[in-house]
Amino acid sequence: MKKIGIVLCFSALLAGLFACKSVSTSTAAYYASEPECLGIERDGSQTLRVAATGRNKSDAVEQAKKDAVWAVLFKGIRSGNGGCNAKPLITEVNAGEKYQYYFNTFFKDNGEYKNYISMEDTRTNTTTAVTRDVQEKWYVTVRVLRPELQQKLIQDGILKP
């Protein structure tokens with residue numbers, strides 16, 4: 001009986017050791033990351049490096065553009081070199097929900113958000129990818145035209161002058 005107990009204990013110990021084997025697959029394509037400040041221009045626009053995922057490169061790049069504008073509007077830019085404005089344009093609590101109809105239209109595919117971004121800072125090798133089975137994650141350089149975006153929100157009654 002003692003031998004059976006020792007054998008069971010030893011086999012449980014071995015099973016536990018093999019079960020703890022580490023898996024080294026990358027999951028970088030599945031995690032969101034914060035937009036990173038690369039710099040601020042003299043006109044007040046902010047140059048950001050943004051990561052986004054999509055089914056292919058074009059989906060991911062479009063999502064990165066939307067994420068850049070969303071971050072400037074609602075989150076502020078806290079990562080990067082610190083030159084960008086950490087304070088978001090819209091500081092009103094639950095403004096995304098309050099003006100949901102406005103922002104759903106604003107951020108639709110080929111929506112008005114495209115008028116407030118520039119891809120001028122995109123250079124060779126500034127767009128990189130991490131590919132997984134189903135999705136691709138791309139890092140894109142986007143310039144958000146913050147002063148023009150602020151003026152648009154004032155005109156539309158979202159912000160007070």
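A: Happy to! Let's start with Phe 107, which counts as buried at 12% relative accessibility; buried means under 20% relative accessible area, exposed over 50% and partly exposed in between, with a 1.4 Å probe and protein chains only. This is a predicted model, where local features need pLDDT of at least 70, side-chain atom pairs count only at pLDDT 80 or more, and totals for chains, interfaces and linings use all residues. Residues are numbered from 1 along each chain as its sequence is written, and side-chain values use heavy atoms, leaving out hydrogens and water.

Next, the helix α4: Phe 103 and Phe 106 sit three residues apart in it, separated by about one helical turn. Helices here are DSSP runs (H or I, at least four residues), as strands are (E, at least two), numbered from the N terminus. Phe 103 is buried, with a relative accessible area of 3%, and Phe 106 is buried too, at 3%. Phe 107, in turn, forms a stacked aromatic pair with Tyr 113, with 6.0 Å centre to centre and 25° between the planes. Rings of Phe, Tyr and Trp (its six-membered ring) pair if their centres lie within 6.5 Å; planes under 30 degrees apart count as stacked, over 60 as edge-to-face and the rest as tilted. Tyr 113 is buried, with a relative accessible area of 0%.

By this rule, the count comes to ten aromatic pairs. In one of them, the ring centres of Phe 103 and Phe 106 are 6.3 Å apart and the planes lie at 85°, so this pair is edge-to-face. To complete the picture, one aromatic cluster is formed by Trp 70, Phe 74, Tyr 102, Phe 103, Phe 106, Phe 107, Tyr 113 and Tyr 116.
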